[in-house]
Amino acid sequence: MAAKSQIVTGDYADEYIRFLQLQLGGDRNFCYICGDVKSGMAAVVDPGFRAGWLSAAAAERGLKISCILITHGHSDHVAQAGRLADITGAPVYAGERERVPGSLVLTDGQRLNLGTRPITAFHTPGHSPGHLCYLFENRLMTGDLLFCGKVGGTGPGFPGSAEEEEWASLKRIASLPEETLVYPGHDYYGGDGRMPHSTIGCEKRNNPFLLCGSFEAFTHLKQNWDSYKREHGIR
Ligand SMILES: [Zn+2]
């Protein structure tokens with residue numbers, strides 16, 4: 001596996017959990033494996049484009065994939081969810097109003113247990129109507145709601161999206177403890193150097209969208225994002 005070091009962009013382990021951040025194709029999409037060491041059960045969040053590789057990566061680490069969780073139904077996030085379900089026998093879960101074939105619905109606040117360790121879904125609409133974020137221990141997988149320094153797209157290019165809902169969802173997750181780790185759905189950081197993850201506190205202090213004082217300011221920034229990026233040297 002020559003490309004392994006580029007695929008595994010984060011691999012955290014302690015005596016309780018195993019947590020992997022992976023890039024498995026798409027538009028710099030991130031995929032996650034959340035594992036409970038004691039039971040060996042693992043959840044995959046947003047399988048990328050290499051289901052076989054993903055199930056092998058979990059098995060290599062002594063983990064068995066017991067559920068497949070989808071943040072939202074855009075193809076780059078769900079591409080091989082069905083294939084991974086076939087390989088592992090694990091059910092696929094997604095939010096209401098997301099088109100994910102064969103999936104079971106998770107509602108706001110619903111928990112799934114990996115052994116005795118919960119992973120919790122938050123309904124965070126905006127980029128898409130049934131978008132979910134997932135909290136595992138102190139790690140929040142934010143899908144296409146929040147990226148490092150950026151937020152998910154809304155508007156005509158994203159059917160079912162709603163700026164006002166996105167603003168409310170961002171406010172909601174910004175109320176989580178500052179030290180909560182943020183793991184986004186894409187590697188979209190546009191500053192200098194790599195930034196594959198962040199924290200709620202860091203985003204509140206630095207993300208221009210979270211620094212907006214009102215919905216009007218948020219909308220204004222969205223409308224003028226291209227010129228803002230140029231002015232601030234953001235790619
Ligand atoms: Zn998306």
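Predicted model: local features only at pLDDT ≥ 70, side-chain atom pairs only at ≥ 80, totals over all residues.
## The zinc site

Residues are numbered from 1 along each chain as its sequence is written, and side-chain values use heavy atoms, with hydrogens and water left out.

The protein donors are H72 (NE2), H74 (ND1), H127 (NE2) and D144 (OD), which lie 2.2 to 2.3 Å from the zinc ion. Donors are N, O and S atoms within 2.8 Å of the metal (3.2 Å for Na, K and Ca), and since water is not among the atoms, sites may look incomplete. Along the sequence, the donor residues follow the spacing H-x1-H-x52-H-x16-D. H72 counts as buried because its relative accessibility is 0%, whereas H74, at 24%, counts as partly exposed; buried means under 20% relative accessible area, exposed over 50%, and partly exposed in between, with a 1.4 Å probe and protein chains only.

## The nonpolar cores

A nonpolar core is a set of buried Ala, Val, Leu, Ile, Met, Phe, Trp, Tyr and Cys residues joined through side-chain atoms within 4.5 Å. The largest one holds 26 residues, of which L22, I33, L54, I68 and I70 touch the most other members. Among the elements that each supply at least two residues of this core are β3 (30–36), α2 (51–60) and β5 (64–69), and α2 gives the largest share, five residues. Helices (H or I, at least four residues) and strands (E, at least two) are DSSP runs, numbered from the N terminus. Apart from this core lies another, of 21 residues, including L114 and Y134.

Strand β11 (residues 139–143) is largely enclosed by the rest of the structure, because five of its five residues are buried. R139, M141 and G143 point one way from this strand, and L140 and T142 point the other way.

Two strands pair if DSSP finds at least two bridges between them. Strand β10 (residues 132–136) runs antiparallel to β11 and is joined to it by three bridges, with L135 and L140 as bridge partners. With strand β14 (residues 181–184), β11 pairs in the parallel sense over four bridges, and here M141 stands opposite Y183.
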